Amino acid sequence: MSLKALISDIHGNLEALDAVLADIKQQGIVDIYCLGDIVGYGPNPRECIDRIMGCKMSLLGNHDQGALFDPEGFNPGAERAIFWTRDQLEKGDPKGNERRWEFLGELPRMFRDGPFLFVHGSARNPLNEYVFPEDIYNQRKMERIFQLVEKYCFQGHTHVPGVFTSSLKFFRPEDIDFRWTYDDEKVLVNVGSVGQPRNGDWRSSYCILYGPDEKPTNGANPADFPPGKWNLQFRRVEYDIETTVKKIYDIPDLDNFLGDRLRDGR
């Protein structure tokens, strides 16, 4: 198999997306899987959709659906942002906009590839269910989700990266030296957010999935990636955050808070 880069929650942040795509390209990775929320909150929805069209696989996120239809359960700031996003996707460039709407409208809610399930929210509710680190204390919720996972699941939505195990433990990337080796235990992996991290780190987050016979090409120690097993690596990427913040400040329909939170990773 070829290496897979797993990205999620771009939210119209072009500077973050371009930095992550450059990091992926530098490692010779071709297959990119996007777990949804290409738009919403950020100032460059059209450009981000255009970039994601080149991914091998993309899923529908709740903000993508909000742009297609009507946002449900969004707070006032997020709702204003999604209406502004919709307006941007209807202005000028009729052919380009038609292509973007068709792309969003055809995105699936889940995707299976061998032992792996890919969703935006959760295996139980692929579009809208949040799985937070503290949910390890909600045994009933987690058991019901794990019942729907054959082996391994990748997800986004919370913007908080980490690994959930079926033994009800959660590991932040920092807890596991930014890597995970798959064994027989079921796991859920949140790949984090490219465009709006909420784990206290402003840098973009994404993951690389290595096949049983593949090794890292980005300076990581190959000995840390046992042969014959699937291995995962969490990546953090810096980007030109101030350019994104200024763009948000300059758009009246986007709350300044949406720029401020980028600096704090919240």
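**First stop: Ile-248**

Select Ile-248, which lies in helix H7 (residues 241-249); helices here are DSSP runs of H or I with at least four residues, strands are runs of E with at least two, and both are numbered from the N terminus. Before going on, note that this is a predicted model, in which local features need pLDDT of at least 70 and side-chain atom pairs count only at pLDDT 80 or more, while totals for chains, interfaces and linings use all residues. Residues are numbered from 1 along each chain as its sequence is written, and side-chain values use heavy atoms, with hydrogens and water left out.

Is Ile-248 buried or exposed? Ile-248 is buried, with a relative accessible area of 2% (buried means under 20%, exposed over 50%, partly exposed in between, with a 1.4 Å probe and protein chains only). Now show its contacts, meaning heavy atoms within 4.5 Å. Leaving aside neighbours within four places in sequence, Ile-248 is in contact with Tyr-41, Pro-43, Leu-254, Asp-255, Leu-258, Gly-259 and Leu-262.

Next, colour the open sheet of six strands in the order S3-S2-S1-S11-S12-S9, where the pairing is mixed; two strands pair if DSSP finds at least two bridges between them. S3 and strand S9 (179-181) stand at the edges with a single partner strand each, so one side of each is left without a neighbour in the sheet.

Zoom in on strand S1 (residues 4-7). Lys-4 and Leu-6 point one way, Ala-5 and Ile-7 the other, and all are buried. Which strands does S1 pair with? S1 pairs with strand S2 (residues 31-34) in the parallel sense over four bridges, and three bridges join S1 to strand S11 (residues 204-210), which runs antiparallel to S1. Click on Leu-6 to see both sides: its bridge partner in S2 is Tyr-33, and Leu-6 stands opposite Cys-207 in S11.

Follow the chain from S1 through helix H1 (residues 14-26) to S2, and you trace a right-handed β-α-β unit. Right-handed means that, with the strands pointing away from the viewer, the path from the first strand over the helix to the second runs clockwise.

Stay on S2, where Asp-31 and Tyr-33 on one side and Ile-32 and Cys-34 on the other are all buried. S2 also pairs with strand S3 (residues 57-58), in the parallel sense over two bridges, and Tyr-33 stands opposite Met-57 there. The chain crosses from S2 to S3 through helix H2 (residues 45-52), and this β-α-β crossover is right-handed too.

**Third stop: the nonpolar cores**

Switch to side chains and look for a nonpolar core: a set of buried Ala, Val, Leu, Ile, Met, Phe, Trp, Tyr and Cys residues joined through side-chain atoms within 4.5 Å. The largest one has 47 residues, and those with the most contacts inside it are Ile-7, Ile-10, Leu-17, Ile-24, Ile-38, Ile-52 and Tyr-206. H1 gives the most to this core, with seven residues. A second, separate core of 20 residues includes Leu-6, Leu-59, Phe-154 and Val-187.

Now pick out six strands that form an open sheet with mixed pairing, in the order S4-S5-S6-S10-S7-S8. Its edge strands are S4 (110-113) and S8 (169-171), each pairing on one side only.

Inside this sheet, four bridges join strand S6 (residues 152-155) to strand S10 (residues 187-190), which run parallel. Tyr-152 stands opposite Val-187 in S10.

**Last stop: His-120**

Finally, select His-120 in the loop between strand S5 (116-119) and helix H6. His-120 is buried, with a relative accessible area of 0%. Show Asp-37 as well: a polar contact of 3.2 Å joins the side chains of His-120 and Asp-37. Such a contact is a pair of N or O atoms within 3.5 Å; within protein, one must be able to donate a hydrogen and the other to accept it, and residues adjacent in sequence count only if both atoms are side-chain atoms.
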